[in-house]
Amino acid sequence: MQKSNLELWNRFQKYQTIYPELGMSLDISRINFPDDWFEAMSGPLQRAFEAIGALEQGSIANPDENRMVGHYWLRNSKLAPTAEIREEIELTCKAIQQFCQEIHNGNVKGSAGIYKNLLIIGIGGSALGPQFVSHALGNPTTDKLRVLFFDNTDPDGMDKVLSELGSELGQTLCIVISKSGGTKETRNGMLEAEAAYKQAGLNFGAHTVAITGAGSELDRYAVKNSWLRRFPMWDWVGG
């Protein structure tokens, strides 16, 4: 039954919440739930909070692979269940920040000079995550690097990206992302980029960073070919 304007107004006053410290508000008044819904859901909600607490403490959340799920520890290392994991996260974050600073200030350069472009090679979450950040926070007028992606195996798409880079491969930093290190679509993109650098007479490895599991196929390839940097991706980071 359709509610009157007065009923809607009263419901809005009851179920709209303002969070001034976050600069946002939440209005759930138009969701069609009864007034006793919160009381009825208190039990399931409490169980959900307990499950979240168990996750944060390192419980096995993926029984098929016998692994934890703790990607949010990357945002707040203090939530990590062990001091070892916390230290690994913090040391890796510092290493990444230092490397980024070296790229931005020109201490680490491409074969043709200061890096102007960033080519991210990955598929699924390995591409969607960086794309989300790039679209949400990027600003073409102030960003230090232009970001492009090999995010599928479409040859025309790869050719289009390479044509956009044109003669600037020597000023393009590549990041190859694969947690398992064996994702074939990502490997195909990597091989296409490597071939483009070789055709241009450039050393692909000297312009490339690997983000992958320690000891993975990709990690071993990066070591064998003297890639610029390697950063870890742990098994508890979800896709």
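This is a predicted model: local features need pLDDT of at least 70, side-chain atom pairs count only at pLDDT 80 or more; totals for chains, interfaces and linings use all residues.

User: Is Lys-160 buried or exposed?

Analyst: Lys-160 counts as exposed because its relative accessibility is 53%. The cut-offs are under 20% relative accessible area for buried, over 50% for exposed and partly exposed in between (1.4 Å probe, protein chains only).

User: OK, what does Lys-160 form a salt bridge with?

Analyst: With Glu-164, at 3.1 Å from N to O. A salt bridge here is a side-chain nitrogen of Lys or Arg within 4 Å of a carboxyl oxygen of Asp or Glu. Lys-160 and Glu-164 are four residues apart in helix 6, so about one helical turn separates them. Helices are DSSP runs (H or I, at least four residues), as are strands (E, at least two), numbered from the N terminus. Glu-164 is partly exposed, because its relative accessible area is 38%.

User: How many salt bridges in the whole structure?

Analyst: Seven. One of them pairs Lys-116 with Glu-168, where the closest N and O atoms are 2.9 Å apart. That pair links distant parts of the chain, 52 residues apart: Lys-116 is in the loop between helix 4 (83–104) and strand 3 (117–121), and Glu-168 is in the loop between helix 6 (155–165) and strand 5 (172–178).

User: What else does Glu-168 meet in a salt bridge?

Analyst: Arg-146, at 3.8 Å from N to O. Arg-146 is in strand 4 (residues 146–150), 22 residues apart from Glu-168. Arg-146 is partly exposed, with a relative accessible area of 35%. Through shared partners, salt bridges join Lys-116, Arg-146 and Glu-168 into one network.

User: Switching topic: which residues form the negative surface patch?

Analyst: Asp-154, Asp-156, Asp-159 and Glu-192. Patch residues have over 30% relative accessible area and no salt bridge, with like charges joined within 9 Å. Glu-192 lies in helix 7 (residues 184–199) and is partly exposed at 40% relative accessibility.

User: And helix 3, what does it span?

Analyst: Helix 3 (residues 42–56) has 15 residues and reaches 21 Å from first C-alpha to last, close to the 21 Å expected at 1.5 Å a residue. The expected span is 1.5 Å times one less than the number of residues. Just after helix 3, Gly-58 has a positive phi of about 95 degrees.

Conventions:
Residues are numbered from 1 along each chain as its sequence is written. Side-chain values use heavy atoms; hydrogens and water are left out. Patches are made of residues with over 30% relative accessible area and no salt bridge: like charges are joined within 9 Å, nonpolar side chains (Val, Leu, Ile, Met, Phe, Trp, Tyr) within 5 Å. Accessible areas come from the Shrake-Rupley method with a 1.4 Å probe; for residues, only the protein chains shown count as cover. Lys and Arg count as positive and Asp and Glu as negative; His and the chain ends are not counted. The place of a charge is taken as NZ of Lys, CZ of Arg, CG of Asp or CD of Glu.
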